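Have the structure open beside you as you read.

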Amino acid sequence: MSQKIKAVIYDCDGVLFDSFEANYAFYHLVLDRFGKPALDRGDLDTMRILHTYCNKDVLEYLFAGDSRMDEVRAFSASIDYRKLFPLMVMEQGLRETLDALKGRVELAVCTNRASSMDILLESFGLDGYFSCVMTAGRVKNPKPHPEPLFKVLEHYGLAPEEALFVGDSDVDRRAAEGAGVPFVAYRGELEAAARIDRHQDLLLLL
């Protein structure tokens with residue numbers, strides 16, 4: 001695997017950061033504003049959608065059939081996500097791993113976040129590591145569609161097998177499969193070319 005890998009592409013939520021509490025708080029604000037009941041943390045299906053799909057799809061799921069969709073979207077877009085950054089926790093060993101990889105391979109992010117990604121990386125001091133940040137706001141079709149990964153490959157002029165995509169959800173796995181990029185599952189039981197439980201384990205693969 002190691003010789004030909006020229007780029008490592010990371011998903012954001014659940015991989016770079018444990019952002020579950022921040023995402024939960026974000027959608028709680030939206031639901032509360034429109035008089036909807038709070039989300040049940042025990043509803044695993046909803047929690048998964050909340051955590052892996054792009055904002056547009058999550059809102060459509062939470063407000064299915066609601067005539068106030070335009071207002072919901074506008075309110076959601078007006079929330080200052082930076083206020084939720086304190087709820088986000090950088091994954092252990094991430095910075096050390098990025099330090100070890102920087103200069104050896106290209107480092108990129110491919111996320112279903114839309115507008116908060118650049119400022120998020122900046123506020124955690126990670127913006128110097130990634131030379132390509134592909135968000136849901138920069139593509140027509142977010143993950144699980146392979147378009148975001150194709151755009152990253154295109155940015156570097158790489159073939160799919162020259163990159164690895166590190167993700168933690170089925171949305172990531174399907175995007176990788178569609179793009180032909182080897183998938184590395186972070187802390188999960190997903191079908192993958194490799195599985196890692198800690199960021200440093202990635203160095204062993206390379």
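## A buried aspartate

Let's begin with a pair of side chains: Asp13 and Ser19 are joined by a polar contact of 2.4 Å. Bear in mind that this is a predicted model.

Where does Asp13 sit? Look in the loop between strand E1 (7-10) and strand E2 (17-18). Is Asp13 buried or exposed? Its relative accessibility is 7%, and the cut-off for buried is under 20%, so Asp13 counts as buried. Leaving aside residues up to four places away in sequence, Asp13 touches Ser19, Asn23, His51, Met88, Thr111, Arg113 and Asp168.

Now for the greasy parts. In soluble globular proteins, nonpolar side chains tend to be buried together. Here, the largest nonpolar core has 51 residues, and the members touching the most other members are Tyr10, Leu16, Phe130 and Leu202. Which helix gives the most to this core? That's helix H1 (residues 20-33), with seven residues.

Zoom in on Leu16 and you'll find a list of contacts, among them Tyr10, Val89, Met90, Leu121 and Phe130, once residues up to four places away in sequence are left out. There's also a second, separate core of 21 residues, and Cys110, Cys132, Val152 and Ala176 are included in it.

## Rings in pairs

How many aromatic pairs are there? The count comes to nine. One of them is Phe20 with Tyr24, a stacked pair with 6.3 Å centre to centre and 25° between the planes. These two residues are four apart in helix H1, so about one helical turn separates them. Phe20 is partly exposed, with a relative accessible area of 24%, while Tyr24 is buried, at 12%.

Phe26 and Tyr27 pair up in another way: they are edge-to-face, 4.9 Å centre to centre with 85° between the planes. Both of these residues are buried. Ring pairs also link Phe26 and Tyr27 with Tyr81 and Phe85 into a cluster.

## Charges over rings

What sits over the ring of Tyr24? It's the charged end of Arg41, 4.0 Å from the ring's centre. Arg33 does something of this kind with Phe75: the charged end of Arg33 sits over the ring of Phe75, 5.4 Å from its centre.

How values were computed
Residues numbered from 1 in each chain as written. Predicted model: local features only at pLDDT ≥ 70, side-chain atom pairs only at ≥ 80, totals over all residues. Heavy atoms only, no water. Core = buried A, V, L, I, M, F, W, Y, C linked by side-chain atoms within 4.5 Å. Buried < 20%, exposed > 50% of the residue type's maximum accessible area, 1.4 Å probe, protein only. Contact = heavy atoms within 4.5 Å. Phe/Tyr/Trp six-rings, centres within 6.5 Å; stacked < 30°, edge-to-face > 60°. Lys NZ or Arg CZ within 6 Å of the ring centre and 35° of its normal. Polar contact = N/O pair within 3.5 Å; in protein donor to acceptor, adjacent residues only side chain to side chain.
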